[in-house]
Amino acid sequence: VRVLGTGAWDEPALAKEASLAGAWIAAPEPSFRIEFADRYQQFFGKQPPRLATLGYDSTALAAVLVRNRGREGATDAWLTNPDGFFGRDGLFRLMPEGYADRRLAILQIGGDQAGVISEAPRRFVGF
């Protein structure tokens, strides 16, 4: 039996939970957010909350939109680009139905950490 978890389990404290050793979770690759976490630590003196990258990615997407397309450039076609966008948590795209589609890695909990056993796709090709 293999325990499966969600990205909500992508917390350092849970990686140390002995009962979860060997569990697999779908989550962003830890390497994607290392620079973000380091800069956050330098500025605020502590590690960022796990969900801080979602706020960062949302703000960065809005900034790119305004810089590249102007105030009138927020078209549905641009926001729902099938190629998506690459943020601090990896590849994501906004779907016309109103939800976000993300490409996640598979991590395995063990040894007081969660290690990548299957990398997140870098493109939406074939999905």
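1. Surface. The chain exposes about 8300 Å². Carbon and sulfur atoms supply 56% of that area. The model is predicted, and every value in this note is computed from it. Of the 127 residues, 31% count as buried.

2. Overall layout. There are four helices and seven strands in the chain. Along the sequence they follow the pattern β-α-β-α-α-α-β-β-β-β-β. The C-alpha atoms fill a box of roughly 50 × 40 × 20 Å, taken along the principal axes. Take the contacts between residues at least 6 apart in sequence: 46% of them join residues at least 24 apart.

3. Charge. The chain carries 15 positive and 15 negative side chains. The centres of the two sets lie 3 Å apart.

4. Aromatic pairs. How many aromatic pairs does the structure hold? It holds seven. One of them joins Phe 36 and Tyr 40 and is tilted, at 6.1 Å centre to centre with 40° between the planes. Where do these two residues sit in the chain? Both belong to helix α2, residues 34-44. Because they are four residues apart in that helix, about one helical turn separates them. Phe 36 is buried, with a relative accessible area of 10%. Tyr 40 is buried too, with a relative accessible area of 18%. Both count as buried because the cut-off is under 20%.

5. A second tilted pair. Phe 85 and Phe 92 also form an aromatic pair. Their centres are 5.8 Å apart, and the angle between the planes is 40°. Phe 85 and Phe 92 are buried.

6. Aromatic cluster. Which residues make up the cluster around Phe 36 and Tyr 40? Phe 36, Tyr 40, Phe 43, Phe 44 and Tyr 56 form one aromatic cluster.

7. Charge over a ring. Arg 93 places its charged end over the ring of Phe 124. The distance to the ring centre is 3.9 Å.

8. Ile 25. This residue is found in strand β2, residues 24-27. Is Ile 25 buried or exposed? Ile 25 is buried, with a relative accessible area of 1%. Leaving out residues up to four places away in sequence, Ile 25 touches Gly 5, Thr 6, Trp 9 and Asp 10, as well as Ala 105, Ile 106, Leu 107 and Ile 109. Ile 25 and Gln 113 are 88 residues apart in sequence. In space, their C-alpha atoms are 12 Å apart.

9. Gly 70. The loop between α3 (52-69) and α4 (76-79) contains Gly 70. Gly 70 is partly exposed, with a relative accessible area of 25%. Along the chain, Gly 70 and Leu 107 are 37 residues apart. A distance of 39 Å separates their C-alpha atoms. Leu 107 is also one of the residues that Ile 25 touches.

10. Asp 38. Helix α2 holds Asp 38, as it does Phe 36 and Tyr 40. Asp 38 is partly exposed, with a relative accessible area of 42%. That assignment follows because partly exposed covers values between the buried limit of 20% and the exposed limit of 50%. Asp 38 and Pro 48 are ten residues apart along the chain. Their C-alpha atoms are separated by 9.0 Å.

Key:
Residues numbered from 1 in each chain as written. Predicted model: local features only at pLDDT ≥ 70, side-chain atom pairs only at ≥ 80, totals over all residues. Heavy atoms only, no water. Buried < 20%, exposed > 50% of the residue type's maximum accessible area, 1.4 Å probe, protein only. Contact = heavy atoms within 4.5 Å. Areas by Shrake-Rupley, 256 points an atom, 1.4 Å probe, with all protein chains shown as cover. Lys, Arg positive; Asp, Glu negative; His and termini not counted. Charge placed at Lys NZ, Arg CZ, Asp CG, Glu CD. Phe/Tyr/Trp six-rings, centres within 6.5 Å; stacked < 30°, edge-to-face > 60°. Lys NZ or Arg CZ within 6 Å of the ring centre and 35° of its normal.
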